[in-house]
Every structure is written in structure tokens, then in C-alpha cells.
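Student: I want to go through this structure with the definitions in hand. Please show it first.
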Amino acid sequence: MGCIEDSANRDKLQKLLRFKSSMASGDDDYITLEEYVDRMKEWQKDIYVFPGESIKQLKESSFMDAFLDRDLEVIYLTDAIDEYFIANVREFNGHKFRDITKEGVKFSDEDDDLAKRRAKVYTDKFKPLTKFLKKLYGSDVSRVTISKRLGRAPAIVSSSEWGNSANMDRIMRAQAFAHGVSPGENMIPTGIMELNPRHPFVIRLLESLPEEEDAEVPQSVEDTAWILLDMATMSGGFPIRDSKKYASRMTRLLKSNLGIDSLDLADEIDPPEEEDEPEEPEFQMPDM
């Protein structure tokens, strides 16, 4: 709070802060912002931060793949006030805080020209898929893009650079519930669907689209596309927007995988009647 409200002493107060990070292994191992800056890569400009509910959740997130592969340290923000802090303070020693769950995360450890040419090829190749998905998802996503930072995940839903993160949305929804207000579906922020152009799921989904743009897309392909969004939404930390439609998609998937033709319930079992067994006499103590 001091860093937020006391601008005159902000620089001094920031040096007193302690955080957990991806390189702080022990339970009691915390780092300062100065220690983080000292360990930054030569090409690194920003201080990478990751807001979330728990350390375990953050460590296992798909957002971390690219950073672990590059041996980049990420500061974990698990206190509710942390996001208010980085939103107001924004930088430390000239290095901006960069939320890795938002768009705009870039790495300068590769050739810029190669990265631009590669991005253009991926964008052109997957244009039919991104166009189809945006039309299919409608207002459930703000846009569909090819990701430059996904490692092993097929897709993920990120936040816009100036919008609320999934963690901030969780905090605000919890506050609304605490005050007796139901946030509802309309309060769920619309995220950005990022596709991994190298993942087999995404490649196969592109190949599954009809060659003619106006041709009818099979229900199975649409269900697969929606399930991909469901996975990306949950990986990004957002809640599923429509739980009933989600359940319907999963029901159709299970029905197909199990080879079930009908969901009509089986007839009730009619068990045979059992003969009453004679009651056993109660044991009585003999008279003494």
C-alpha cells in the first residue's frame, strides 16, 4: 500500500518488498526486486510477473512453458494486493512489470527478421482456421491469433494488455459474491484465443476444415473447436462461460467415443422376489 500511495518514498519502499519466484525453490525463499533485476538475461527488458491463486497452480500453468524453456525467472503474485501494486507502480528501476497472462509478451532472444517472417507464414497458413474459429466463437473471444509464446499447450486464452487478468477477474467476482451480488455471465471478460501453430491438435483442426469456405462444417469439427476453447479458457484461468453448452459438448464426445447410439435409459431391473427367511430365536441366558 505504501508503494501505491506514497509516491515520494516509492523507490525506497519497493526495495523492501519480497516475492516468491520460479527460481525461489524453498518454502521460505523469497527474492527482492533488485535480486530479480541482477539475474535478468542480457536481452531481457521487462520484469515478468504471473498473478494467480497459488504457487502450485502457477508452476503448472501453460503460461510458464516458454519461460521455463528459456530459463527466465518469473515473479509469482499470489496476494490480492499484488495486482493493484503492479497496476499502479508499473515499473522498478526502469524495467516495466509485464504480466505474462496478457498479450504483448515478446522475447528478444531470437532473430527479429526470422521471427517476423515465421509469424507471417504461420498467420497466412492458419488464416482459414482463425477466421472460422472467430466466426464460430462469436463474442466469446475478442479475437483469435497465432501465438508466438506457447510451448506444449495447443491453445490458451490470454487477457488484453490493458484489460483485467483472469486472476483480477476472480478477485472481483469473489468481492461481488461477498457483497451479495451475482456477477453473472456478462461480467466474464472476453479473452484472446492464442493458437499454437506447431501443436498436432491445431494442425489437424485446420486440415479438418472443408476446402470451400461456405461448405457445411461437421458437428464433430465444431465440437472439437469448442473443446479446444474450453481447454484454453481453463488453462488461462477463466471460468467456462456457458456450463450447459459445455456439458452438451462433452456428452456428445463421450457418446461418440463409447460408440453409443442412444442416450435412452435402460429398463429398470426387475429382481425376483426372495422368500422370507425364518427369524432366528433370541438367545436367552439360562436360569441360575
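Tutor: A search of the whole structure finds 8 aromatic pairs. Rings of Phe, Tyr and Trp (its six-membered ring) pair if their centres lie within 6.5 Å. This is a predicted model: local features need pLDDT of at least 70, side-chain atom pairs count only at pLDDT 80 or more, and totals for chains, interfaces and linings use all residues. Residues are numbered from 1 along each chain as its sequence is written, and side-chain values use heavy atoms, with hydrogens and water left out.

Student: Why is the pair of W43 and F107 called edge-to-face?

Tutor: The ring centres are 6.4 Å apart and the planes stand at 85 degrees. Planes under 30 degrees apart count as stacked, over 60 as edge-to-face and the rest as tilted. So W43 and F107 are edge-to-face.

Student: What makes this pair a tie between parts apart in sequence?

Tutor: W43 lies in the loop between α3 (33-38) and β2 (47-51). F107 lies in the loop between β5 (95-99) and α7 (112-125). The pair therefore ties together parts that are 64 residues apart in sequence. Helices (H or I, at least four residues) and strands (E, at least two) are DSSP runs, numbered from the N terminus.

Student: How do you know whether F107 is buried or exposed?

Tutor: Its relative accessible area is 10%. Buried means under 20%, exposed over 50%, partly exposed in between (1.4 Å probe, protein chains only). So F107 is buried. W43, with 24%, is partly exposed.

Student: Why is the charged end of R70 said to sit over the ring of F107?

Tutor: The distance to the ring centre is 4.0 Å. The rule asks for NZ of Lys or CZ of Arg within 6 Å of the ring centre and within 35 degrees of the ring normal. The charged end of K20 likewise sits over the ring of Y30, 5.0 Å from its centre.

Student: What makes a set of residues a nonpolar core?

Tutor: Buried Ala, Val, Leu, Ile, Met, Phe, Trp, Tyr and Cys residues must be joined through side-chain atoms within 4.5 Å. The largest such core has 33 residues; Y48, F50 and F67 are among those with the most contacts inside it. β2 gives the most to this core, with 4 residues. Apart from it lies another core, of 26 residues, including L129 and F132.

Student: Which residues is Y48 in contact with, leaving aside neighbours within four places in sequence?

Tutor: Among them are Y36, W43, I75, R98 and F107. Contact means heavy atoms within 4.5 Å.
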